[in-house]
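Good morning, and thank you for joining this group meeting. I would ask you to look at the structure on the screen while I go through a few of its features.

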Amino acid sequence: MNVIGATHQLDTFEEIAQSRFAGHDLRVLSERAGQTPFFAYDRQRIATRVAAVRRALPMGVHLLYSIKANPWTPLVHHLKGLVDGFDVSSASELRAALDAGAAPADITFAGPGKRDEELRLAAAVGAVVSLESASEFLRFNTIADDLNVSPPVLLRVNPALNDLQGAALRMGGAARQFGVDEGECVPLLRRISGSRLNFQGFHIFWGSQCLRADTIAGAHAYSLEMVQALSDDAGVVPRRVNLGGGFGIPYSAKDSPLDLAAVGAGLATKLANFERRRQGTQVIIELGRYLVGEAGIYVCRVLDRKVSRDETFLVVDGGMHHQLAASGNLGQRLPRNYPLALAGKAPSDEAEQVHIAGCLCTSIDFLARSAKLPRAEVGDFIVIAQSGAYGLTASPTGFLSHPRPPELLV
Ligand SMILES: *Cc1c(COP(=O)(O)O)cnc(C)c1O
């Protein structure tokens, strides 16, 4: 086995060295897919991860799956049996959550640019809408009037905190298109609670891909105090508080996995204080990447090996049109290789340095640069780990007009 940057997924990589995944032979999976490239997701690993999150979080906290991370229908249906509801960001995701059997009250709908059709759908079914601005409140109120309904809403707050370290993607603490600035919330809360909308509480989404438990604990502490203060100032009662998610997963050997127990313990301490004042407030955590990211692989096949000016290129049948994030083109600040391996090669096999080029006719299509792998031959499988979240769904599948790769839940 020769593995790049994988110290945390050793069980996965030991399997890949045996040319297996989740107990299945990769050749059999490729026949099942009907082709390479394909994605495969391990249902047991997802269930195990959800169970670990539930064990770590304080009792009674609701866990939602953020469909945006991976909206593939069989995966969403699998998660329906494991989590308490869904976080959605479009009408299609809302329909996917409903089709999976979720109750509308267990679906929260966030997003800075909801179209009227999307708001009408949410109002009609009674999904919980996170209001992101004063004008969206007015628009939603008019729609509710028109449909003669009183749909549940949260106010999404852009927190004023500005010292969050260690989150790759920050969605608070600065000028943002998300939510309403903390300082602007009180008058709007009064208007919402005086309207026909059914005010339910708050939504705070402070960031994403965070590997530091202390940062997450800090965000939770800040959010709960902020909710307390805003509720007191506006004279409203929050029945639900969605604290967002942001739990990260390791993508390279330099990343340490999140200390989930520490996140849970931090939240338990903060909630004990909060609940003394706000008993009965439902606390919600919404996670995408953390629940499914490590459960997925992307498998492609070596089509060609060639040498250009002493550098070896493996050209594969996949690429950035399927796995944009692995190519470093999904907004990463520091492009790094995803953890990847050559299927079926023993650890003792001699390594060579290669670039793994995708099949697209563009110079930005690399799945890895300067990777150390055992010698790969045409026909071998290259497996990219950590591909369960923001993989196919976040990739430009139309670019170069190749067929969409199949997905398998195994
Ligand atoms: C994207 C998103 C999530 C999921 O983020 P992950 O980092 O995948 O856990 C959760 N909530 C909201 C509002 C989002 O936009």
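Let me begin with Cys361, which is exposed, its relative accessible area being 73%. Please keep in mind that we are looking at a predicted model. The closest cysteine sulfur to that of Cys361 belongs to Cys359 and lies 9.8 Å away, which is too far for a bond. Cys300 is buried, with 0% relative accessibility.

I turn now to the salt bridges, of which the count is 15. In one of them, the side chains of Arg49 and Glu294 meet with N and O 3.0 Å apart. Arg49 belongs to helix H3, whereas Glu294 sits in the loop between helix H11 and strand E15, so this pair ties together parts that are 245 residues apart in sequence. Glu294 is buried, at 11% relative accessibility.

A second pair is Asp255 with Arg336, whose closest N and O atoms are 3.2 Å apart. Here both partners lie in loops: Asp255 between strand E13 and helix H10, and Arg336 between strands E16 and E17, so the bridge joins parts 81 residues apart in sequence. Asp255 is buried at 11%, while Arg336 is partly exposed at 36%.

Glu118 and Arg115 form a further salt bridge, at 3.7 Å from N to O. Of these two, Glu118 is buried, with a relative accessible area of 7%, and Arg115 is partly exposed, at 45%. There is also a network of salt bridges that links Lys114, Glu132, Glu136 and Arg156.

Glu136 brings us to helix H7, as it is one of the buried residues there; the others are Phe137, Phe140, Asn141, Ile143 and Ala144. These residues cover an arc of only 165° around the axis, which places them on the same side of H7. What do the buried residues of H7 pack against? Their partners are helix H6, strand E7, strand E8 and helix H8. On the face turned away from the buried side, H7 carries the exposed residues Ser135, Thr142 and Asp146.

As for its dimensions, H7 runs over residues 134-147 and reaches 20 Å from its first C-alpha to its last, close to the expected 20 Å. Just after the helix, Asn148 adopts a positive phi of about 60°.

Definitions and conventions:
Residues numbered from 1 in each chain as written. Predicted model: local features only at pLDDT ≥ 70, side-chain atom pairs only at ≥ 80, totals over all residues. Heavy atoms only, no water. Helix = DSSP H or I, 4+ residues; strand = E, 2+ residues; numbered from the N terminus. Expected span 1.5 Å × (residues − 1). Buried < 20%, exposed > 50% of the residue type's maximum accessible area, 1.4 Å probe, protein only. Arc of directions from axis to C-beta. Contact = heavy atoms within 4.5 Å. Disulfide = S-S within 2.5 Å. Salt bridge = Lys/Arg side-chain N within 4 Å of Asp/Glu carboxyl O.
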